[in-house]
Amino acid sequence: MTKKINPMVIATGVAVGLAALALTALGNPANMGFCIACFLRDIAGATRLHTAAAVQYVRPEIVGIVLGSTVMSLAGHEFRARAGSSPATRFILGAFVMIGALVFLGCPLRMVIRMGGGDLNAFVGLAGFFIGILIGIFFLKRGFSLKRSYEVAKSEGFVLPGAMAVLLLLVLTLPALFAFSEEGPGSKHAPALAAFGIALIVGALAQKSRLCMVGGMRDAVMFRDFNLLSGFAAIFATVLLGNIVLGWFNGFSTYLQPIAHASQLWNLLGMVLVGWGSVLLGGCPLRQLILAGEGNGDAAVTVLGMVVGAAFAHNFKLAGAAASLKDGVYAAGGVATTGKVAVLLGFAVLLVISLLNSTRKEAA
Amino acid sequence: MIDARGLSCPMPVVMVQKEVQKNAPQELTVRVDSMVCVENITRYAHLQGYEVQYTQDGGDFVLTLHK
């Protein structure tokens, strides 16, 4: 019998929260123990898809999450190579989800971690995320679907896990191939093997528990099902308590939060884009990594779309700039005009995708 | 019989929800192709007061919901 709330989801939420705290203690940036968007962006930088010097690093966390999911799904006989559910549309959605996340400065997982760190700007992001989810639900109820996926050759399912394994191998054996930040967020990282090991466990747990940041709110609103939302709450509670116990918590504030800006309209709208796009995709960026690890080729394409979106975000200066204090001079940070235009363009693209893929007929 | 094979989250549950809200059937059969869908539909069905059983059929799962 399936219980209303699976304790495994709460346990995974606690584990993710503890992992985030541990990774920060080991060297990751503050309030960024985990951030799927930021870490994919760092990988895009390390492979020179963009050249923003402050955000270039091959994050072993991404590799670990994907391979953790692969190992767990193989062990549980849940690895299935599937693809064919509107892959090009998913690529575009992935790119705009990434752009929204980088305008806000974090994926939904980092949003929760930032909330637990006392960053009030992230609560504004949460409001936007929720609004985006409601918009997505509106279209789901109108019959939105990216249609069916189908069984494909098993090798298709190993494309992203294989690429991740090769990436890890290359960075360990031929690091000179990659660009590495010497300052800024990309230069702050936990030791590679520790990060990989912790992420491997998180990936395995997230595969087993189906943890998803967008799924929690979506299911609560659509079905009064609070199973996945319990994981979201567990991450927040664990990170908040952990920050307090470790003496890192300085109260709730919008001012000068780590790698964050207080441009609230764009914190809100960036996360509207993320919430809406993630509902259309069927899961948050973390969930896309997990699905790709399970052999889902459509999720792999989505992840590639996110990497390209990250490259665009930095090549065209769409990403938000964090507030900073240098030599006593406060810079508020925020979002450049190009970033604002990109978010608005994202809404237009998501609206077109939502309308063109909605039908009141049953899915064929 | 609802055929929700190959559809990603949460479409299979949405299809079951639509049928339950429209026709309130005493019994409903749903075919899916992942354990995630089995879990999600089962949780929703329990919340709606249905008993759920499922069997494996090759790579598919066939759920039977009944009141």
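Reply: In this predicted model, strand 2 (residues 27-32) and strand 4 (residues 60-66) of chain B pair in the antiparallel sense, and six bridges join them. One of the residues involved is V30(B), whose bridge partner in strand 4 of chain B is L63(B). Strands of a sheet pair through backbone hydrogen bonds, and the pairing can be either parallel or antiparallel. The whole sheet of chain B is an open one of four strands, which lie in the order 1-2-4-3 with mixed pairing. Strand 1 (2-3) and strand 3 (51-57) of chain B each have a single partner strand and stand at the edges, so one side of each is left without a neighbour in the sheet.

Among the contacts in chain B between residues at least 6 apart in sequence, 58% join residues at least 24 apart.

As for the overall form, the C-alpha atoms of chain B fill a box of roughly 30 × 20 × 20 Å along the principal axes. A compact globule of 67 residues would have a radius of gyration near 11 Å, and because chain B has 10 Å, the two values agree. Of the 67 residues in chain B, 52% are buried, while the chain exposes about 2,900 Å², with carbon and sulfur atoms supplying 45% of that area.

Definitions and conventions: Residues are numbered from 1 along each chain as its sequence is written. Chains are lettered from A and ligands numbered from 1 in the order in which they are written. This is a predicted model: local features need pLDDT of at least 70, side-chain atom pairs count only at pLDDT 80 or more; totals for chains, interfaces and linings use all residues. Side-chain values use heavy atoms; hydrogens and water are left out. The radius of gyration is taken over C-alpha atoms; the globule rule is 2.2 Å times the number of residues to the power 0.38. Buried means under 20% relative accessible area, exposed over 50%, partly exposed in between (1.4 Å probe, protein chains only). Contact means heavy atoms within 4.5 Å. Accessible areas come from the Shrake-Rupley method with a 1.4 Å probe; for residues, only the protein chains shown count as cover. Two strands pair if DSSP finds at least two bridges between them. Helices (H or I, at least four residues) and strands (E, at least two) are DSSP runs, numbered from the N terminus.
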